[in-house]
Amino acid sequence: MLLLAAAFLVAFVLLLYMVSPLISPKPLALPGAHVVVTGGSSGIGKCIAIECYKQGAFITLVARNEDKLLQAKKEIEKHSINDKQVVLCISVDVSQDYSQVENVIKQAQEKLGPVDMLVNCAGMSLSGKFEDLEVSTFERLMSVNYLGSVYPSRAVITTMKERRVGRIVFVSSQAGQLGLFGFTAYSSSKFAIRGLAEALQMEVKPYNVYVTVAYPPDTDTPGFAEENKTKPLETRLISETTSVCKPEQVAKQIVKDAIVVTMGLFRTIALFYLGSFDSIVRRCMMQRARSEIADKTA
C-alpha cells in the first residue's frame with residue numbers, strides 16, 4: 001500500500017512537471033513593442049535591449065551613468081531592422097526615489113507609448129563573510145537589487161492592468177535560488193525578488209499581465225568583473241567550478257521568456273497549489289466586478 005502511494009505521488013509530480021510548460025505565459029510579440037530595460041547601459045541589460053531591438057522593439061534604456069547610456073544607445077542602434085525604431089535614454093537611479101522613477105516612466109510612455117515589457121536588470125553584487133560586511137552593504141544591496149526592481153514595476157503595473165497586456169521580467173541570479181558562501185547580502189536581496197515576482201504574478205495574472213524571473217549563472221559582464229574583486233577565497237573556488245556564460249546567450253534566453261531555473265520537487269508540487277490559489281483570485285475578482293455593477297445599477 002505504501003509503495004502504491006509512493007508511486008502515485010511520483011506520477012503526480014512528474015505529470016505536474018510535464019504540464020508546467022503548457023501553463024507558462026505566451027511570448028510577447030516584440031515588433032513595435034515598447035520595452036523598458038533598467039540597468040541597460042551594460043552587461044546583460046544592454047544585451048537584452050539589443051536582442052529586443054533586433055526583433056523590432058522600441059527601447060527605453062534606464063541607468064545612472066549618462067555617458068554609458070549614450071554609448072549603449074549607439075551600439076544598439078546598429079541593430080535596427082527599420083527606420084522607425086527609437087532608442088530612448090533616461091538617466092536615473094531606480095533604487096533611490098520612487099517619484100523620480102515614476103516620472104521617467106511617464107516621460108518614456110509619452111514618447112514611445114505604453115510599456116509592453118519591463119525588464120528589471122539593474123543590480124550589483126558585493127561579497128564577503130557575513131561578519132566582515134558592513135551593515136550598510138546589506139542596506140545598499142537590498143535597495144539596488146530589490147527596491148530597484150520594485151519601483152519600476154510599480155510605475156508600469158497600473159497601465160498594464162488597464163490595457164490587459166504586459167510583461168514584467170525580473171533578472172535575479174543563481175544566488176537567488178541557492179545561498180552561497182560570501183553572498184549573505186547579495187543572495188538575500190536576490191531571494192527577495194523571487195518572492196516579489198511570485199506574489200505579484202498571482203495578483204496580475206487575471207489581467208493578462210505575466211511576470212517571469214530569470215536566474216542567470218555567472219556571466220561575463222562588467223558587474224561580474226567588479227564582483228570578483230571582493231570575493232573571499234571560498235567563494236572564488238566555488239565560482240571556478242562553474243562555467244561563465246556570455247551575456248548575449250543569457251539575454252536570448254530571457255527575451256524568449258525562459259525562466260532559467262531547475263524545477264525542484266517542492267517547487268513542482270507547489271504548481272498544484274498555485275493553480276488552486278489562482279482560482280481563488282479569479283473568483284474574488286469576478287465577485288468584485290459583480291458587486292461594482294450591482295452598486296452602479298442600484
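The following questions and answers examine how terms are applied to this predicted model.

The model is predicted, and local features need pLDDT of at least 70, side-chain atom pairs count only at pLDDT 80 or more, and totals for chains, interfaces and linings use all residues. Residues are numbered from 1 along each chain as its sequence is written, and side-chain values use heavy atoms, with hydrogens and water left out.

Q: Why is Cys47 said to be in no disulfide?
A: A disulfide is a pair of cysteine sulfur atoms within 2.5 Å. The structure holds 0 disulfides. For Cys47, the nearest cysteine sulfur belongs to Cys121 and is 9.2 Å away, so Cys47 is in no disulfide.

Q: What makes Cys47 and Cys52 buried or exposed?
A: Buried means under 20% relative accessible area, exposed over 50%, and partly exposed in between (1.4 Å probe, protein chains only). Cys47 has a relative accessible area of 10% and is therefore buried. Cys52, at 0%, is therefore buried.

Q: How do you know which strands stand at the edges of the sheet?
A: Strands (E, at least two residues) and helices (H or I, at least four) are DSSP runs, numbered from the N terminus. Two strands pair if DSSP finds at least two bridges between them. The open sheet has 6 strands in the order β3-β2-β1-β4-β5-β6, with parallel pairing. β3 (87-91) and β6 each have a single partner strand, so one side of each is left without a neighbour in the sheet. Neighbouring strands are turned by 15° against each other on average, direction ignored.

Q: What makes β2 a partner of β3 and of β1?
A: Strand β2 (residues 58-63) is joined to β3 by 5 bridges, and the two run parallel. β1 and β2 likewise pair in the parallel sense over 5 bridges. Each count meets the requirement of at least two bridges, so both are pairs. As to individual positions, Ala63 stands opposite Ser91 in β3, and Thr38 has Val62 in β2 as its bridge partner.

Q: Why is β2 called largely enclosed?
A: In β2, 6 of the 6 residues are buried, so the strand is largely enclosed by the rest of the structure. Both faces are covered: Phe58, Thr60 and Val62 are buried on one side, and Ile59, Leu61 and Ala63 on the other.

Q: What do the buried residues of α6 pack against?
A: Contact means heavy atoms within 4.5 Å. The buried residues of α6, among them Ile193, Ala197 and Leu200, pack against α5 (135-163), β5 (166-171) and β6 (209-214). α6 lies across β5 and β6, at about 160° to β6.

Q: Why is the pair of Phe130 and Phe138 called edge-to-face?
A: Rings of Phe, Tyr and Trp (its six-membered ring) pair if their centres lie within 6.5 Å; planes under 30 degrees apart count as stacked, over 60 as edge-to-face and the rest as tilted. The centres of Phe130 and Phe138 are 5.6 Å apart and their planes stand at 80°, so the pair is edge-to-face.

Q: What makes the pair of Phe183 and Tyr186 tilted?
A: Their ring centres are 5.4 Å apart and their planes are at 55°, so the pair is tilted. Phe183 and Tyr186 are both buried.

How values were computed
Axes fitted to C-alpha atoms, helices over the stretch in contact; angles between N-to-C directions.
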